[in-house]
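Try each task before you read its solution.

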Amino acid sequence: MMLCSEIPGDSVNNNRPNANDLHQILFDAGKQSALIHTVPVDGFSWIERNIKGRLAGEKKTFDGYFMQHLEESLQVMEQNHFSDSDKTLITDLMKKARKALNIENAVLVHGDFDETHIFHLNGQYTGIIDFGEIRGNNRLFDLALFVAFNPKDFKYLVKGYNEIYPLSSDDLYNTELMALFYLVHKFAKKVDTPKKDFWLELVNKQLNRIKSYPAI
């Protein structure tokens, strides 16, 4: 059962607070996000809505979720606007991500986590909205979505997250890998739509972030 009530205010995306307030809002959102990730889920991917009494994902294992559409997504990469070296790099990074992100037990994630869903009222954090895409996954999934869409503000979210669940340097690098995995999949789904260029740009930006990352 999902209980819904009104959260006052507006998103930090629609109504941008001053820098100091924004940093505190994202800090608070990071803490709350980490608390959400303490809820266990039996399995990965979309929550099975017809199962009562427990949260269960469609896939029994992380690998089953990760590999479900990866081959076809990489095939789309081969046919589109990437250099040969970037195609090879993306494939190699997905192999690395498959190993690094593989966990036995899933947790609940928001599933669509970015600044459009973080609310504030007059510069005071009021909550996170829109849990319509909850799923079982690695806890880094929500962080990956945030860094994919809001990389400049990511460090403020992480400060709050670390208050509840400290993230290692490996966690942060693996978050970047998860972000690339997500964006590659989205680009493959949108390649024949007017949104193609939007997702292509995000893939390239994320790939460049990883190229410049100390762990690469």
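β6 and β7 make a hairpin with 2 residues between them, and Asn122 in the turn has a positive phi of about 55°. Helices (H or I, at least four residues) and strands (E, at least two) are DSSP runs, numbered from the N terminus. Keep in mind that this is a predicted model: local features need pLDDT of at least 70, side-chain atom pairs count only at pLDDT 80 or more, and totals for chains, interfaces and linings use all residues. Residues are numbered from 1 along each chain as its sequence is written, and side-chain values use heavy atoms, with hydrogens and water left out.

**Exercise 1**

Task: work out which strands pair with β6 (two strands pair if DSSP finds at least two bridges between them).

Solution: 
- Start with strand β1 (residues 10–11), which runs antiparallel to β6 and is joined to it by 2 bridges. Asp10 has His120 in β6 as its bridge partner.
- Then take strand β7 (residues 124–128): it pairs with β6 over 4 bridges, again in the antiparallel sense. Here Leu121 is bridged to Gln124 in β7.

**Exercise 2**

Task: classify the ring pair Phe113 and Phe146, and say what it ties together.

Solution: 
- Rings of Phe, Tyr and Trp (its six-membered ring) pair if their centres lie within 6.5 Å; planes under 30 degrees apart are stacked, over 60 edge-to-face, and the rest tilted. The structure holds 15 aromatic pairs.
- The centres of Phe113 and Phe146 are 5.9 Å apart and the planes sit at 40°, so call this pair tilted.
- Phe113 lies in the loop between β5 (106–109) and β6 (118–121), while Phe146 is in helix α5 (residues 140–149), so the pair ties together parts 33 residues apart in sequence.
- For burial, the cut-offs are under 20% relative accessible area for buried, over 50% for exposed and partly exposed in between (1.4 Å probe, protein chains only). Phe113 comes out buried at 1%, and Phe146 is buried at 0%.
- Now compare Phe141 and Tyr182, an edge-to-face pair with 6.1 Å centre to centre and 85° between the planes. Phe141 is in helix α5 and Tyr182 in helix α7 (residues 169–190), 41 residues apart.

**Exercise 3**

Task: find out what Asn150 touches, not counting residues up to four places away in sequence.

Solution: 
- Locate Asn150 in the loop between α5 and α6 (154–164). Asn150 is buried, with a relative accessible area of 13%.
- List its contacts (heavy atoms within 4.5 Å): Asn150 touches Asp114 and Glu115.
- Finish with the side chain of Asn150, which reaches the backbone nitrogen of Glu115 at 3.2 Å.

How values were computed:
A polar contact is a pair of N or O atoms within 3.5 Å; within protein, one must be able to donate a hydrogen and the other to accept it, and residues adjacent in sequence count only if both atoms are side-chain atoms. Two strands pair if DSSP finds at least two bridges between them.
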